[in-house]
Amino acid sequence: MKIFIDSADLAQIREAFSWGIVDGITTNPSLIKKAVEKLKASGEGTSMKDYICRMLEVAGDTPVSLEVIGTTEKTMTAQGQWLYETFNHVAGNVVVKIPVNPGTTAGSSTRYDGLKSIRTLSQAGIPINTTLIFTPEQALLAAKAGATFVSPFAGRIDDHLRKVVGSTAGKESYWPREGQKDAQSGHSAEDNGIVSGVDLVAQIVDIFQVHDFDCEVLAASIRNPRQARECALAGADIATIPFEVIREMIEHPKTVEGMVAFCKDIVPEYENLLPKG
Ligand code: G3P
């Protein structure tokens, strides 16, 4: 499974790439807002355009998703084309992020505009990451429209299910892949037959395998290391993971304990043999 960093924070992106395990970047308007606020607070003045260019350079030949902000076919297509034309020359790695359904009310008349933009932009050779996927059906439609990636939001499904069972556990807490029963009814909490964010990812992976879709499943809204592990087990092609969660993935107290013991046992005969670095 590839690992993308879900961040627009250049310092975090640089650091994570230096670890040698990052295969791409995803951003969205909320992550850009966070990064801009951090920049402003530090007093560092930079243009948004330069900032994005620096991000693309750090990513090198790995994909970077930049999201449109429009909510109609016309604006999303124009913005997608603009993002690609403006930034892809920097490192040839721009992916345009389009919401699967840009309607801001249920049953909105623009609810198919995401699919229409995906079709137009992908036919023009622009790779598309479809965002805000909450059902396998949405993923299926996005893949059919020509998307290169679909992004199921695992953590936000878990948020919804926690609410259904009345759990007050925080958004970083682990929600089991097999779901959890509602204490009162005894039934598994579910959303449209989905019992967890990882279940959503797994069902999309299954559909794409059965039908041989050439579209990658990019598990998003990952909140803890165990969720990342379960997405890998479920066959996600990619997980986009926040900086702090990637950091947590390297930790175990027994690893630290083992290192302390190994370091204590080093004898001079062995130490003198090895280069000091
Ligand atoms: O990649 C999508 C992600 O940024 C959303 O994450 O934690 O806000 O649900 P979250």
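At 31% relative accessibility, Lys-2 counts as partly exposed, where buried means under 20% relative accessible area, exposed over 50% and partly exposed in between, with a 1.4 Å probe and protein chains only. This is a predicted model, in which local features need pLDDT of at least 70 and side-chain atom pairs count only at pLDDT 80 or more, whereas totals for chains, interfaces and linings use all residues. Residues are numbered from 1 along each chain as its sequence is written, and side-chain values use heavy atoms, with hydrogens and water left out. The points below cover salt bridges, the ligand site and some features of the backbone.

**Salt bridges**

- The count of salt bridges comes to eleven, a salt bridge being a side-chain nitrogen of Lys or Arg within 4 Å of a carboxyl oxygen of Asp or Glu; in general, side chains of opposite charge can pair when their charged atoms come close.
- Lys-2 takes part in a salt bridge with Glu-216, with an N to O distance of 2.9 Å. Because Glu-216 lies in strand S7 (residues 216–219) and Lys-2 in strand S1 (residues 2–6), this pair ties together parts that are 214 residues apart in sequence. Helices (H or I, at least four residues) and strands (E, at least two) are DSSP runs, numbered from the N terminus.
- Within helix H2 (residues 29–42), Glu-37 and Lys-33 are four residues apart, about one turn of the helix, and their side chains meet in a salt bridge at 3.8 Å, N to O. Glu-37 is partly exposed at 44% relative accessibility, while Lys-33, with a relative accessible area of 53%, is exposed.
- Arg-223 forms a salt bridge with Asp-159, and the closest N and O atoms are 3.0 Å apart. Since Arg-223 lies in the loop between S7 and helix H9 (225–233) and Asp-159 in helix H7 (residues 154–164), the pair ties together parts that are 64 residues apart in sequence.
- Arg-223 counts as buried at 11% relative accessibility, whereas Asp-159 counts as partly exposed at 27%. Through salt bridges that share partners, Asp-159, Arg-162 and Arg-223 are joined into one network.

**Ligand site**

- The residues that surround the ligand are Asp-6, Asn-28, Leu-31, Phe-153, Arg-156, Ala-220, Ser-221, Arg-223 and Thr-240, a residue being near a molecule if one of its heavy atoms lies within 4 Å of it. Arg-223, one of these residues, is also the salt-bridge partner of Asp-159.
- An N or O atom in the side chain of Asp-6 is 2.6 Å from a ligand oxygen, a polar side-chain atom of Arg-156 lies 2.6 Å from a ligand oxygen, and for a polar side-chain atom of Ser-221 the distance to a ligand oxygen is 2.7 Å.
- The protein buries 85% of the 310 Å² that the ligand exposes when taken alone; accessible areas come from the Shrake-Rupley method with a 1.4 Å probe, and for residues only the protein chains shown count as cover.
- The ligand takes up the space of the largest pocket. On a 1 Å grid over the protein atoms alone, a pocket is an open set of points with protein on both sides within 12 Å along at least five of seven lines, whereas in a cavity a 1.4 Å probe fits but cannot get out, and lining residues have an atom within 4 Å of a point. A molecule sits in a pocket if more than half of its atoms lie within 2 Å of its grid points.
- Asn-28, which is among the surrounding residues, is placed in the loop between strand S2 (25–26) and H2 and counts as buried at 16% relative accessibility. Its side chain reaches the backbone nitrogen of Leu-31 at 2.8 Å.

**Backbone features**

- Phe-243 lies in helix H10 (residues 243–248) and is buried at 7% relative accessibility.
- Asn-192, in the loop between H7 and helix H8 (197–210), has a positive phi of about 55° although it is not a glycine, and it is partly exposed with a relative accessible area of 47%.
- Asp-212, in the loop between H8 and S7, has a phi near 55°, a positive value in a residue other than glycine, and it is exposed with a relative accessible area of 67%.

Key. A polar contact is a pair of N or O atoms within 3.5 Å; within protein, one must be able to donate a hydrogen and the other to accept it, and residues adjacent in sequence count only if both atoms are side-chain atoms.
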